Amino acid sequence: MKAMTLLVTFAVILYSQSLTAQATIYGKVYNYTTNQKVNADWIVLAKTGQGLETTAQFENASEYRFENVAPAPSPYLVRVSYGDVIYSQTLQVPESREYQVDVIVYESTAKWENMIVRVPHMIVVRNGNQLNVEQTYEITNQGRKTYHAKDHKLSTFEFKLPDKVTFRGVMTSYNGSIPLQAVAMDVNGNKGINVDLKPGTTQVQVTYSADYSSATASLDFETATDLTEFNVFVTPHDVSIAAARFTAMNDEEMKANNFAVYRATNVRRGESLAMTLMGGSSRQAEHNHDDGGSIVAAENAVQAKAFGWIALFLSLLCLLLFFGVQKKKNLPAYQAKEKGKPSKAKRNDLTKERDRLAAKIADLDDAFSNRDLDEKTYHKQRAPLKTELRRVVETLHH
C-alpha cells in the first residue's frame, strides 16, 4: 500500500512539473553595419497562432531576457524595431530550457547603393482577347545598410508600366517570404512603392493586363533602373514577338511546356524596351483550384494537454519497471521509434523549412494586422501554411 501511495505521489509531482516548466529566451541586438551591440526602439516576443500575440516587450534595450515562456508547437518571433525598420528572428520552443537568439539589424541609408536589379521573369499569357502579364523585379542589396525612406509617402523602388495597360497590383517579398500586397503610388510618370530594401533579396511582383482583341499588342516602356538581365516567358509559344533588344532563347524544355523564352542583358536605366506581340493560339485562363473557402483547424484541448499526460504515463511506467512489473513490454516499440527518427541532414532541412513557414505566417499576420490583406484572403493563404507547418513540426519531433 505504501509503495502504491509513493508511486501515485511521485507521478503527480512529475506531472505538475511538466505542466509548469517554462522556457527562457534571451539575446542581444547586433548591428551588422557597425559590428556592435545597439539599443533597439523596442524588442517584442510574439507568439504565432491565429494572429501575432505579443507576450512580452522591452523598450530602448540592447539585450533582452524573456522568462516564463510556455513551450508551444507554434513558433515564436523575436521582433526588433531599429531605425524605424522592423527585423525579426523565428524561434521554435519545443521544451523548457534556455534559448539564445541574437537579432541582426542594420544602419539605414537614404542613398541607393550596392543594389543589383534584374527581371528573373516576365510571364506573358494570352487568354483569349487579353494578355495577362506578371513581371517580377529582383533587387539584391549587397551592402550592409537598409535602404529606407523616413517618409513612408516616398518610394524606395520605382518601375515603368507599358502604355495602354490595366494595372492590377504589386506585391513584395523578402528572402523568399510570402508575397504581401504593397501600395503603389504615382511618381513622375512611374509607379513607386515604399519597401525597406534590407541586405539580401527583395522581390517586387507587378501584374497588369493588355487588350489583345486584334491579336496584336505593343508593350513599350523605359526602364526606371539598370537591369543586369530581363527574361520574358510567353505562352502559348506560337505567339510571335518582334523585339529588337531581346534575343530568342532555344529552350526545348520550356517549349515543351508551351513557352517561348526571350532575354536581354545589361539594360541601362531609361533604355527603351519595345515588344510587339502578334497572333498565337488562345490559352484559356487556368482555374485557381479553389474549393471556395478555407479550413482553419481549431486547437484541440486533448492535444494541448497531450504532453502532460505523456509525462504522467512515462513516470508511471518508469516506476513499474523499477518494481519489476512488465520489465520488457515496451522495449520493442521504443526501439522501433528510435529507428524511425529523421537523420541529422533531414532534421536540418526540416528545421529550415519550419523557420521558413513560420516567417511566412508571421508576414501574413503582420499584413492582416496592418489591414493590407482582407480577412478572406488572409485565411485562404494562411490555412495551407499552418497545415504544412504542423506536418513539418510533427515530423521533426517524431
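The legends below describe close-up views of one predicted model, beginning with the whole chain.

Because this is a predicted model, local features need a pLDDT of at least 70 and side-chain atom pairs count only at pLDDT 80 or more, while totals for chains, interfaces and linings use all residues. Residues are numbered from 1 along each chain as its sequence is written, and side-chain values use heavy atoms, with hydrogens and water left out.

**View 1. The whole chain and its confidence.** The secondary structure comes to 7 helices and 25 strands, where helices (H or I, at least four residues) and strands (E, at least two) are DSSP runs numbered from the N terminus. Of the 398 residues in the chain, 37% are buried, and here buried means under 20% relative accessible area, exposed means over 50%, and partly exposed lies in between, with a 1.4 Å probe and protein chains only. The mean pLDDT, which is the predictor's confidence in each residue from 0 to 100, is 78 for the chain, and 74% of the residues reach 70 or more. Confidence is lowest in helix α5 (residues 331-339), at a mean of 34, and highest in strand β13 (residues 145-147), at 96. Over residues 285-339 the pLDDT is below 50, and beyond near neighbours in sequence this stretch has 32 contacts in the model, a contact being heavy atoms within 4.5 Å.

**View 2. An open sheet of 3 strands.** The strands follow the order β14-β18-β17 with antiparallel pairing, and two strands pair if DSSP finds at least two bridges between them. The edge strands, each pairing on one side only, are β14 (157-159) and β17 (185-187). Strand β17 is joined by 3 bridges to strand β18 (residues 190-193), and Val187 stands opposite Asn190 in β18.

**View 3. The two faces of strand β20.** In a regular strand the side chains alternate between the two faces of the sheet. Strand β20 (residues 216-222) has a covered face made of Ala217, Leu219 and Phe221, whereas Thr216, Ser218, Asp220 and Glu222 make up the uncovered one. Over 7 bridges, β20 pairs in the antiparallel sense with strand β25 (residues 272-278), where Ser272 is the bridge partner of Glu222.

**View 4. Aromatic pairs.** A search of the whole structure finds 9 aromatic pairs, in which rings of Phe, Tyr and Trp (its six-membered ring) have centres within 6.5 Å, and planes under 30 degrees apart count as stacked, over 60 as edge-to-face and the rest as tilted. The rings of Trp112 and Tyr147 have their centres 5.5 Å apart and their planes at 90°, so this pair is edge-to-face. Trp112 lies in the loop between β10 (107-109) and β11 (115-127) and Tyr147 in strand β13, so the pair ties together parts that are 35 residues apart in sequence. Trp112 is partly exposed at 34% relative accessibility, while Tyr147 is buried at 13%. The rings of Tyr137 and Phe157, with centres 5.4 Å apart and planes at 65°, also form an edge-to-face pair. Tyr137 is buried, with a relative accessible area of 5%, and Phe157 is buried at 2%.

**View 5. His379 in helix α7.** Helix α7 (residues 375-396) contains His379, which is partly exposed, with a relative accessible area of 21%. Although His379 and Asp365 are 14 residues apart in sequence, they are 9.9 Å apart in space, C-alpha to C-alpha.
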